[in-house]
Amino acid sequence: MKYQHMMARALNSPLLLEPGYARVFFSALGPKFNISELADTNGQVLDKGAQVQLAASYLPREINPWTGADVTDQTYPVVNGIAVIDIAGTLVHNGGYIGSKSGCMCYDGIHAQIVSAEGNPQVKGIMLRFHTPGGEVSGVQALGKVIAACSKPVWGHASDMAASAGCWLISACDKVLLTQTAEIGSIGVLMGHCDYSQMLEAEGIKVTLIHAGAHKVDGNPYEPLPPEVLAEFQADLDDLRNLFATSVATFRGIETSRVLATEARMYRGQAAVDEGLADKVMSFDDAMASFSATLAKQGGSTKGKTMSTPTASNASPNPGEALTTEQQASAVSAARAEGHAAGVTEGTVKGAADERARISAILTHENATGREATAREFALNTDMTADSAIKILATVPVSGAPGAAAAAASAAALAGMASTTIVGSEGGGSGNGAQPTLAQRNAAALASQKR
């Protein structure tokens, strides 16, 4: 096991993990690196013994409870035309397919299974079954887009948990279901930092970091975390949290402010439905039956499309006679091609119309008056929703006001960050006199609107 590599990826990096599981995760790594205590933001402190005990209490799932099969490196089963793909354990980036017996799964492995199912003629729909507390930031946004763009219907079912990164992914599904006892949520970000300075001092060891670049050794484990570095880390987390919330809101068709207001809470059963994070409470067996019935009504595998009837070129030459096997295959192939083409055309037209509406909403809103340059930047050079852009515009000084140019540039830069790889958090601000983050300005804009 490459613990050093794991530790390098786990520390000083934003993680989309449910906080309770994060304690288990870091407790498992703690004894390998002589971490004397583990402290969380709630003030709970675990010594070495408590870390070992907590880590030992977590047993990764080895058996698929639905099929009863060992799922290690197992391809997905297809049941009544539905590919069942489990998303289980801690989610990590770039590691190929890692079987869930390891306690981890890789985003690219899940991606590969979805692509396989999408191209499998036996598969009419895809059911993603979630048992995950979340995982790494890198890779989750890309996989969410793959799920949302899949040409075949994709339903998500939380059998016990779809937290943090899992929540991001399940929200991209066409329909989100969960059991009465399952939980969805934890729309926030966390980061861990190790401080070995006191241990090194007790051992008589002094570490000197020779570096070029003021921020080259930010967050190093050989000294306490400086307030200004903590503030920068917090600002990054705030921005990623905003990206996370915006993605969930877009997938689920709800307001970003509503998602942010969850403050990384977990919601069980009907509460998740009431919060807009799921569509219905349903057992996995009932979800499979409902999905199968929906696919039968649609008559095919294209989202929202019905299977076309055979055309003159592939129909039986004698009306009233049954089609031969070859004619049936030809009819199915032609219908799929027709349905796919129609779906692509409809999606392209709708996407273009939605984009025009988004741009127009930003540029014509009263908040854009006196802030035209910033409004154009938001409308044309980012993928921000109109609602988010309008709220942020309200916090930018109008042209001619003191500091307007700098504030507008700062807002535009933060908007650009929110569309790339940097990140959002479970709450809090940068503090220590740092410039307000994007999330803080959003909050201020909402507060001013309510007054």
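Biologist: At what angle do helix α4 (residues 107–119) and helix α5 (residues 140–149) pack, and how far apart are their axes?

Modeller: In this predicted model, where local features need pLDDT of at least 70, side-chain atom pairs count only at pLDDT 80 or more, and totals for chains, interfaces and linings use all residues, the angle is about 10° and the axes are 10 Å apart. Residues are numbered from 1 along each chain as its sequence is written, and side-chain values use heavy atoms, with hydrogens and water left out. Axes are lines fitted to C-alpha atoms, for helices over the stretch in contact, and angles run from 0 to 180 degrees between N-to-C directions.

Biologist: Why is α4 called roughly parallel to α5?

Modeller: Angles under 35 degrees count as roughly parallel, over 145 as roughly antiparallel, 65 to 115 as roughly perpendicular and the rest as oblique. The angle is about 10°, and therefore α4 is roughly parallel to α5.

Biologist: Which residues make the contact?

Modeller: Contact means heavy atoms within 4.5 Å. Tyr107, Ile110, His111 and Ile114 of α4 meet Val140, Leu143, Val146 and Ile147 of α5. Helices (H or I, at least four residues) and strands (E, at least two) are DSSP runs, numbered from the N terminus; the protein chain has 16 helices and 12 strands.

Biologist: What makes helix α14 (residues 386–393) largely enclosed by the rest of the structure?

Modeller: Buried means under 20% relative accessible area, exposed over 50%, and partly exposed in between (1.4 Å probe, protein chains only). In α14, 7 of the 8 residues are buried, so this helix is largely enclosed. Among them are Ile390, Lys391 and Ile392. Of the 451 residues of the protein chain, 43% count as buried.

Biologist: Why does Glu263 count as partly exposed, and why does Ala264 count as buried?

Modeller: Glu263 has 42% relative accessibility, so it counts as partly exposed. Ala264 has 12% relative accessibility and therefore counts as buried. Glu263 lies in the loop between α9 (256–260) and β11 (266–268), and Ala264 is also found in the loop between α9 and β11.

Biologist: What is the phi of Glu263, and what is the phi of Ala264?

Modeller: Phi of Glu263 is near 50°, and phi of Ala264 is near 70°. Each is a positive value in a residue other than glycine. Most residues other than glycine have a negative phi.

Biologist: How do you know that Val207 is partly exposed?

Modeller: Val207 has a relative accessible area of 35%, and therefore counts as partly exposed. Val207 is found in the loop between α7 (197–202) and α8 (227–252).
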